[in-house]
Amino acid sequence: MGSAVTSHFIGKIFTEWGYYVFNYRDYPSLIRGGHNFNILKISDKPVYSHELKYDFILALDQKTIDTHKKDLNKGGLVFEAKAGEPKILANNVLIGLLFKHFGVDLSILFVAAEKTFGKNADMVKKSIQEGYQLGSEKEKFKKLSPKCFISGTEGMGIGAIAAGLDIYLAYPMTPATPLLHFLAKRQIENNILVFQPENEIAVINAALGASFTGAKAMIGTSGGGFALMTEAFSLAGMAELPLVVYSCQRGAPSTGLATHTAQGDLKFAINAGHGEFPRIVLTPGDAQEAIIRTQEAFYLAGKYRIPVILLSDKHLAESDYTFNQIKKSTLSANRFILENPPEDYKSYKITVNGVSPAAVPGQGPIVRANSYEHDEYGYTIEDAATTVKMQDKRFKKSAYLKKEINKLNPVSVYGKGSNLLVSHGSTKGAILDALPQLKNFRFLQISYLEPFPAEAVAKEIKKSRKVILVENSATGALADVIKEKTGIEIKNKILKYDGRPFTPDLLIYEIHSNLRGFRKSTHS
Amino acid sequence: MKPEDLKTAQINTWCPGCPNFGILNSAKEAIAELVNEGKLSAKDTALAAGIGCHGKIFDYLNLNGFNGLHGRVLPVCFGTKLGNPNLTVIGFGGDGDTFDEGVSHFIHACRYNMDITMMVHINQVFALTTGQANAITEKGFIDGSTPLGQGEKPINSVLLALEMGATFVARGYALQAPHLKEIMKKAILHKGFSYIDILQPCIIYHKHSVPYLSKNAYKLDETHDISNFGQAIEKAREWDYSYEKDAKVPIGVFYQTERPTFESQWPQLKQPWHTIDRKPNWDNITREFK
């Protein structure tokens with residue numbers, strides 16, 4: 001087993017033992033070999049990020065030691081595999097050594113091994129025991145109340161199932177693929193259907209076909225795949241078909257960095273698709289938010305008959321987070337489909353809020369979806385008056401949507417202070433962990449990027465002295481979005497675009513340098 | 001049901017005399033007859049159409065329908081059937097739509113063998129954009145985008161369907177509507193992916209195909225064994241969609257076979273999803289994370 005499985009296993013034992021663990025995964029785009037590592041942060045207090053300084057290094061090869069030993073804290077330990085030992089077992093020997101160090105009972109490790117490895121557990125247990133006997137107890141970790149250990153991907157998956165997902169379609173693309181695997185594995189027990197069509201264009205068009213029949217459909221991809229889908233994303237806007245799009249960002253442009261993180265697709269998500277139509281863009285900040293926001297995505301897509309983008313990234317998708325318990329949204333898993341549609345049903349009936357009550361084929365009345373501009377029945381039109389009427393109808397939804405998302409915490413503010421950090425998505429973890437060490441800083445997390453909660457954002461910015469934008473991108477797209485929506489310009493930006501996520505240490509360093517050379521925001 | 005019951009009040013904007021009218025009438029008659037024979041439920045039928053002259057059929061048939069994007073008729077059909085396996089799903093595509101923009105979907109639809117019917121209007125031009133050559137246009141054809149003449153041989157769409165594994169492959173001629181109607185009925189009733197190549201000569205941009213097809217088209221008779229793949233291939237090769245010299249143009253059912261359908265292999269595909277009243281059990285779905 002590799003670094004990913006080993007670190008997840010270690011994290012799982014610590015969380016069951018009652019500790020908070022954050023597990024960061026770093027791997028190259030290849031299948032066997034390369035330098036593949038995980039960083040675990042383990043604490044008795046909540047943690048949401050990793051650090052680049054270590055107390056322990058568990059090394060399976062010399063390269064790990066060569067690469068990381070410089071970052072070992074004073075007094076830190078290196079546990080290394082014995083030369084010649086098969087790696088598959090060496091991992092487990094290191095696990096034994098580590099847990100012996102912390103005084104965790106061997107029986108706990110055995111139970112965890114049986115749970116995780118099933119029929120292969122005996123071999124794993126044997127090598128864990130070997131390491132355990134080689135090690136020495138240096139600390140005695142107390143058992144605390146067990147915690148939940150969950151990745152962003154898993155959060156999206158259980159959020160989708162809890163929201164009543166019927167069909168998930170995706171073409172493989174890192175780092176969105178883990179959700180495809182997660183749902184595919186659980187499809188029978190949850191009575192959902194997971195299928196991989198021939199390409200991304202088929203994925204989204206088929207999902208819209210399914211949505212037309214009343215199925216709750218979700219699709220998954222990364223930026224490049226979503227680029228291929230954008231024509232049909234616009235179709236979802238025109239045909240007013242509910243659709244949830246999971247778009248998991250990675251380094252870009254183009255093929256970019258397949259297995260590394262970025263937030264460079266924000267403006268792409270907000271603007272994807274030709275023409276003008278309402279959509280929702282959501283950026284969850286951790287695995288718990290992934291659950292809640294995915295449920296909201298399905299709810300809003302169904303209720304307003306619009307496409308919703310769940311914008312994630314590699315860092316959120318492939319990191320494991322710890323929570324005391326995991327919660328779900330209280331929103332219903334309603335299908336928003338008429339039970340008895342009228343004989344003279346209009347697929348695009350003009351209503352007060354612009355939402356046409358949905359019927360589906362097979363109920364009796366004729367149901368139509370049309371990519372051309374159309375009348376209320378869905379027949380193709382090209383006259384000027386109907387064109388305006390129907391475009392207005394679709395945009396009527398926006399005002400109602402804004403009201404609705406105001407009830408769903410579109411922004412969150414953490415900490416106290418007159419200065420403000422502004423960000424979205426997976427940067428939340430490093431910012432939250434840095435915040436207690438920053439003097440006089442609040443953190444404004446924006447979770448709904450479209451429709452944009454302009455009033456709430458403007459209010460927070462206006463009452464702050466210094467405002468700094470934090471984003472895993474080269475240009476700080478969120479600052480442009482804020483300027484467009486509120487007129488406020490944020491000039492101070494801490495940007496990171498090397499494919500690696502922020503860590504609290506780096507953020508603190510950058511914020512301090514930024515403060516020294518602080519430029520006033522134009523609003524103040 | 002009468003064929004007129006499938007009529008809509010929309011003004012038909014095909015050119016006067018367009019063979020598409022033959023396709024529309026055959027479709028209405030085929031569907032009405034199947035309904036009257038108790039073999040089809042109109043309310044449980046859904047059509048999908050692409051973009052091009054053919055796509056206007058969406059507005060002229062009073063059935064559930066999805067007028068999607070250019071080239072994407074088959075993924076929409078696929079998704080519609082995934083979403084509700086009880087529906088009879090019929091796709092209408094253009095030849096540019098299906099064999100240029102959407103050719104990858106066609107190949108995979110033949111592989112998947114989902115129980116859908118795909119009817120492609122073969123007019124050998126992009127007519128609605130004023131007559132550019134497409135993947136089925138003959139070598140040498142001259143148009144606005146190709147003034148030096150189309151350089152390549154066309155795709156033989158019937159041969160492609162056969163080679164890619166379609167389980168029902170036929171060719172109809174829009175100007176022989178009663179014969180086309182019979183093919184449509186067989187295709188709709190076939191369990192699996194049915195492909196009908198419908199010759200629909202464009203009377204504006206591809207005029208020369210009308211006299212050619214009227215002279216050379218002939219109906220496959222009982223001497224043709226539709227279960228014989230080799231014979232089907234032979235028949236498909238009789239005409240290569242070109243006009244240099246006279247060749248026999250067979251119309252009728254080339255091939256029909258049985259293979260498990262896509263949906264029969266998924267235990268989840270038993271009922272329309274919208275009829276499932278889901279009550280997700282939070283404790284069950286989160287147990288593994290605790």
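1. Which helices and strands of chain A do the buried residues of H7(A) pack against? In this predicted model, the partners are helix H6 (152–162), helix H8 (187–190) and the strands E6 (167–170), E7 (193–195), E8 (217–221) and E9 (243–249), in chain A. Helix H7 itself covers residues 177–185 of chain A, and its buried residues are Thr177(A), Leu179(A), Leu180(A), Phe182(A) and Leu183(A).

2. The largest nonpolar core holds 112 residues. Val422(A), Ile446(A), Phe193(B) and Tyr195(B) touch the most other members. With residues up to four places away in sequence left out, the contacts of Val422(A) include Leu444(A), Ile446(A), Val467(A), Leu469(A) and Ile482(A). A second, separate core has 60 residues, among them Val47(A), Met156(A), Phe298(A) and Tyr321(A).

3. An open sheet of nine strands, with mixed pairing, runs in the order E13(A)-E2(B)-E1(B)-E3(B)-E4(B)-E8(B)-E7(B)-E10(B)-E9(B). E13 (368–370) of chain A and E9 (217–219) of chain B each have a single partner strand, so one side of each lacks a neighbour in the sheet. On average, neighbouring strands are turned by 20° against each other, direction ignored.

4. Within this sheet, strands E4 (residues 116–122) and E8 (residues 194–199) of chain B run parallel and are joined by six bridges. Thr117(B) stands opposite Ser194(B) of E8(B).

5. Two helices deserve a look here. Helix H9 (residues 200–212) of chain A lies across E13 of chain A and across strands E1 (45–49) and E2 (64–67) of chain B, at about 155° to E2(B). Helix H9 (residues 229–236) of chain B packs on the sheet where it touches E9 and E10 (249–256) of chain B, and its direction makes about 155° with that of E10(B).

Definitions and conventions. Residues are numbered from 1 along each chain as its sequence is written. Chains are lettered from A and ligands numbered from 1 in the order in which they are written. This is a predicted model: local features need pLDDT of at least 70, side-chain atom pairs count only at pLDDT 80 or more; totals for chains, interfaces and linings use all residues. Side-chain values use heavy atoms; hydrogens and water are left out. Buried means under 20% relative accessible area, exposed over 50%, partly exposed in between (1.4 Å probe, protein chains only). Helices (H or I, at least four residues) and strands (E, at least two) are DSSP runs, numbered from the N terminus. Contact means heavy atoms within 4.5 Å. A nonpolar core is a set of buried Ala, Val, Leu, Ile, Met, Phe, Trp, Tyr and Cys residues joined through side-chain atoms within 4.5 Å. Two strands pair if DSSP finds at least two bridges between them. Axes are lines fitted to C-alpha atoms, for helices over the stretch in contact, and angles run from 0 to 180 degrees between N-to-C directions.
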